[in-house]
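This report covers a helix contact and a strand with its neighbours. The sequence and structure are shown first.

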Amino acid sequence: MIEVGVFQIGPYNIDARAVLAPMAGVTDLPFRRLCREHGAGLTPSEMVTADKRLWNSRKSRSRLNHDGEAEPRTVQIAGGDPQMLAEAAQLNVERGAQIIDINMGCPAKKVCNKAAGSALLRDEALVRDILQAVVDAVEVPVTLKIRTGWDTSNRNGVRIARIAEQSGIASLAVHGRTRACGYRGQAEYDTIADIRQAISIPLLANGDIDSPVKARSVLDHTGADAVMIGRPAQGRPWIFSQINHFLATGEQLPDPDDHQVEAILQRHLTALHGFYGEVAGVRIARKHLGWYLAALPQQSDEQATLAKDFRRRFNLLEQPQPQLDAVGEFFTARRPATVAA
């Protein structure tokens, strides 16, 4: 029997109600491991193109790397051709994927212009063909991520959800915006609540869920089984443990203090350097550092200036060790102001 607060995808019991959203350029293996350590029930890969001719690029090779990754390993694939997606699913399963996730939620023009991502929501017949082809091609569970529709006049999320369930999709994640909305405005959850009434497979609510209280509110409003956290996890991987704890107990966990954030950040940067190599690792570390700084409480003008100056200097560093040293120096400089405040 599945315990309260836990849902199931195929043979896998997911033991948390907060999961990571796949994000291109963000949810690489180091970040997935970090989020899993902090309580994320699922940690899907970055979006992998279904065109296997592109898999030899450095970017694709890193996205296909699952060395030492915790189970279940989820790989998200994107494309617009049913047979190409089916073959991509099979090849990813051979490489270790235990759940295949299909992207029909990405609003990026470079994806939608190729009749993939959320652009597919305009063609419900094609959606059915894609889902059926992928489900039939692999023995592992297949999941789907969508938006509420193409635009606010065409919110066909309920119909897509029914097609998904009929096609054998094991769970559905819904971002509470249309493709046309991009990331503008506020997410709406009424459509997700309507989808909950239309299907019985596990449902994950996504969009603007940036706190434990917001997670509780969205779950209550939609009836979803879990929340999927995307951008709010950038620089805040501990958000998963905070949400899970609050949902289980009603108690708010405090944010980590500066010592804890420094340790998490140092481990994250070290993992990026090791995974990508010195040149790419240093470059990729810069954007993650920016997210951590944005998540820090700025309790004074002095601290805000310190963070701004530090980021400017950090972005000029070209070697791993100077980046790690600079992080230590920054938090050492922050602490007296924190104590005084």
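The text below takes the strand and its neighbours first, then the helix contact.

The model is predicted. Strand E7 spans residues 142-147, and six of its six residues are buried, so the strand is largely enclosed by the rest of the structure. Burial extends to both faces: on one side lie Val142, Leu144 and Ile146, and on the other Thr143, Lys145 and Arg147. The two charged side chains named for E7, Lys145 and Arg147, are thus listed among the buried residues.

E7 pairs with two strands, as set out here.

| Partner of E7 | Residues | Sense | Bridges | Opposite residues |
|---|---|---|---|---|
| E6 | 99-104 | parallel | five | Ile102 and Leu144 |
| E8 | 171-175 | parallel | five | Leu172 and Leu144 |

Between E7 and E8 the chain passes through helix H6 (residues 157-167), forming a right-handed β-α-β crossover.

The helix contact involves H1 (residues 29-37) and H10 (residues 258-276), whose axes come within 9 Å and cross at roughly 145°. This crossing of H1 and H10 is right-handed. H1 contributes Leu29, Pro30, Phe31, Leu34 and Glu37; these meet Ile264, Arg267, His268, Ala271, Leu272 and Phe275 of H10. By class, the contact of H1 with H10 holds eight nonpolar residues, one polar residue and two charged residues.

How values were computed
Residues numbered from 1 in each chain as written. Predicted model: local features only at pLDDT ≥ 70, side-chain atom pairs only at ≥ 80, totals over all residues. Heavy atoms only, no water. Axes fitted to C-alpha atoms, helices over the stretch in contact; angles between N-to-C directions. Helix = DSSP H or I, 4+ residues; strand = E, 2+ residues; numbered from the N terminus. Left-handed = near helix turned anticlockwise from the far one by under 90°. Contact = heavy atoms within 4.5 Å. Buried < 20%, exposed > 50% of the residue type's maximum accessible area, 1.4 Å probe, protein only. Pairing = 2+ DSSP bridges. Right-handed = clockwise from strand over helix to strand, strands pointing away.
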